[in-house]
Amino acid sequence: MRTPLKRTAAAATAALILLPLAGCGGDAAAGDGSTVTVTVGYQSKTINTVTAGTLLRSLGYFERELNALGDGTTYKVAWQDYATGAPITAQMTAGKIDIGSMGDFPLLINAARGRQLDRPTRLVSVTGYNLSGGLNTIVTAPDSKLDSLADLRGKKVSTSVGSAADGTLVRALRRAGIDPEKGIRKLNQQPAVGASALSAGSADALSQFVAWPGLLAHQGKAKALYDGAALKLPTFHGVTAREDFARRRPAVLEAFLKAQSKATDYLHGHPVTAAEKVAKATGLPAEVVYLYNGAHGIATFGPALKPPLVAALKKDVSVLRSAKLVGDVDVDAFVDDRYVKKALGSAAYADALAAGPSPAAGEVWPKGATTTRTFASAGALLRHVARHRDAVRAAYVSDATTGTPWFADKAVWVADGDDLRPFVTAATARAYVTGHPGARTLTYAEALERAS
């Protein structure tokens, strides 16, 4: 008898293979010689893809770059929004999407399916990334008695099989000594379905990617059980293009990558305004968008295909192979930085390769403000919040161990002498207390009182 993981993996594989075959015969870039439609697949609510999707679309930069080509062609852009990367891959391998954005694990499936169906794709740029893995989080219900990964043994855990969040779950369970196939009851669900299952009590935990964990925590519907940054393995989202499209219309792809770079610059220069734009387009709370995409957010944005990200992608192959979602994937053949190098120019691309995350810092977003205030220490942030409680829209702090930003009022607080230290999860806070005699956990209200 096959295990639940094998059944879900087989179902996911079958769905990805059959969908493209059912939709074959189209070419998204086909036109009458004077008008060409370019089809872009994106995930509006997967908000660390916004520079290639939601934010880029709202700014209109791609359309402007296409209009500036001056090649006598009229270009139209068709934006297609999806909840996950799998349907984007299905449409790309059917020749119906030209450019798509998705997470690292779906990117590998994209590469495998493209090669399998003789519709090869290429990874051409990066959108948002976290060098430690903090974009993925395992959460439980607010009143759950589950307190650590060990408590997941035998429990029902919702995730999207083949996603980066599923990869985090598999790796975290293995480190905890739990067989990810037999040690839990895995539920293969779309993020929104999993969130509902967690709220209804039909799932004991949920492992998902940005922005679902932060959203559920912000809404008071979940608490963090495991911070993906504890794995210390990079995770990212990127842009993939059909090889035949890139070869036939390189100027169009370069225009997209120029537009993505400009959207990235806009995000860096106007992080609060960008968060508001994405919130308006997606219906997500702006406070949640800023948690991930803010000036000191969980995600770092940059188009460069950095060596640590490519190296992490190679390590991801074995996780997907063990779930029978892919065979071998030639990552080196899949990664193609020629187009983004040309789009940015050699000097700018070198700068993008060298750029890294902003230093960790606490932030307070005052009500009605278009900028945030930055604080060097969690204690200083708490003192400010304690004095301006009614004027604070949101406050963000960085986990004292992993560095992952989180909502200050959802963090687990520890007092260590005069220091106040925040943690994303109770397990990480407990580990710190165990190693520091005299340290103790506090509620957020107690931490505010102590700081004031």
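1. Contact here means heavy atoms within 4.5 Å. The model is a predicted one. With that cut-off, and leaving aside neighbours within four places in sequence, Ala-386 is in contact with Leu-448 and Ser-452. Ala-386 belongs to helix α17, which covers residues 378-387. The C-alpha atoms of Ala-386 and Leu-448 are separated by 5.7 Å, although the two residues are 62 residues apart along the chain. Is Ala-386 buried or exposed? Buried means under 20% relative accessible area, and Ala-386, at 16% relative accessibility, therefore counts as buried.

2. Next, the sheet. Six strands form an open sheet in the order β2-β1-β3-β10-β4-β11, and the pairing is mixed. Because β2 (74-81) and β11 (300-301) stand at the edges with a single partner strand each, one side of each has no neighbour in the sheet. In general, strands of a sheet pair through backbone hydrogen bonds, in either the parallel or the antiparallel sense.

3. The parallel sense is found between β1 (residues 35-42) and β2, which pair over eight bridges. For orientation when viewing this pair, Gly-41 stands opposite Gln-80 in β2.

4. Strand β10 has antiparallel pairings with β3 and with β4. Five bridges join β10 to β3 (residues 99-103), and Met-102 has Gly-238 as its bridge partner in β10. The pairing of β4 with β10 runs over seven bridges, with Val-239 of β10 as the bridge partner of Ser-125.

5. How many residues of β10 are buried? Eight of the eight residues of this strand (residues 235-242) are buried, so β10 is largely enclosed by the rest of the structure. The burial applies to both faces: Thr-235, His-237, Val-239 and Ala-241 lie on one side, and Phe-236, Gly-238, Thr-240 and Arg-242 on the other.

6. Thr-121 is part of β4, a strand of residues 121-130. Thr-121 has 3% relative accessibility and so counts as buried. Its side chain makes a polar contact with the side chain of Asn-110, at 2.5 Å. Not counting residues up to four places away in sequence, Thr-121 touches Met-92, Asn-110, Ala-111, Thr-240, Ala-241, Arg-242, Glu-243 and Phe-334. Among these, Thr-240, Ala-241 and Arg-242 are also named in the buried faces of β10.

7. The peptide bond from Val-210 to Ala-211 is cis, with omega near 5°. Ala-211 is placed in the loop between β8 (205-209) and α8 (212-218).

8. Two residues other than glycine have positive phi values. For Asp-118, phi is near 60°; this residue lies in the loop between α5 and β4. Asp-118 counts as exposed because its relative accessibility is 64%. For Lys-324, phi is about 60°, and the residue is found in the loop between α13 (307-322) and α14 (331-334). Lys-324 counts as exposed because its relative accessibility is 58%.

9. What is the volume of the largest cavity? The largest cavity has a volume of about 80 Å³. Of the 14 residues lining the largest cavity, the closest to its centre are Asn-136, Thr-168, Arg-171, Pro-234 and Thr-235. The elements giving two or more residues to this lining are α5 (104-116) and α6 (164-175). The largest share, four residues, comes from α6. By class, the lining of the largest cavity has five nonpolar, six polar and three charged residues.

10. The second largest cavity has a volume of about 60 Å³. Its lining is made up of Tyr-290, Leu-291, His-296, Gly-297, Ala-361, Glu-363, Tyr-396, Ser-398 and Pro-405. Helix α12 (286-293) and strand β14 (392-398) each supply at least two of the lining residues. The lining of the second largest cavity divides into five nonpolar, three polar and one charged residues.

How values were computed: Residues numbered from 1 in each chain as written. Predicted model: local features only at pLDDT ≥ 70, side-chain atom pairs only at ≥ 80, totals over all residues. Heavy atoms only, no water. 1 Å grid on protein atoms, 1.4 Å probe; cavity = no way out; pocket = protein on both sides within 12 Å on 5 of 7 lines; lining within 4 Å. Points joined across faces, edges and corners; volume = space filled by probe spheres on them. Nonpolar A, V, L, I, M, F, W, Y, C, P; charged D, E, K, R; others polar. Buried < 20%, exposed > 50% of the residue type's maximum accessible area, 1.4 Å probe, protein only. Polar contact = N/O pair within 3.5 Å; in protein donor to acceptor, adjacent residues only side chain to side chain. Pairing = 2+ DSSP bridges.
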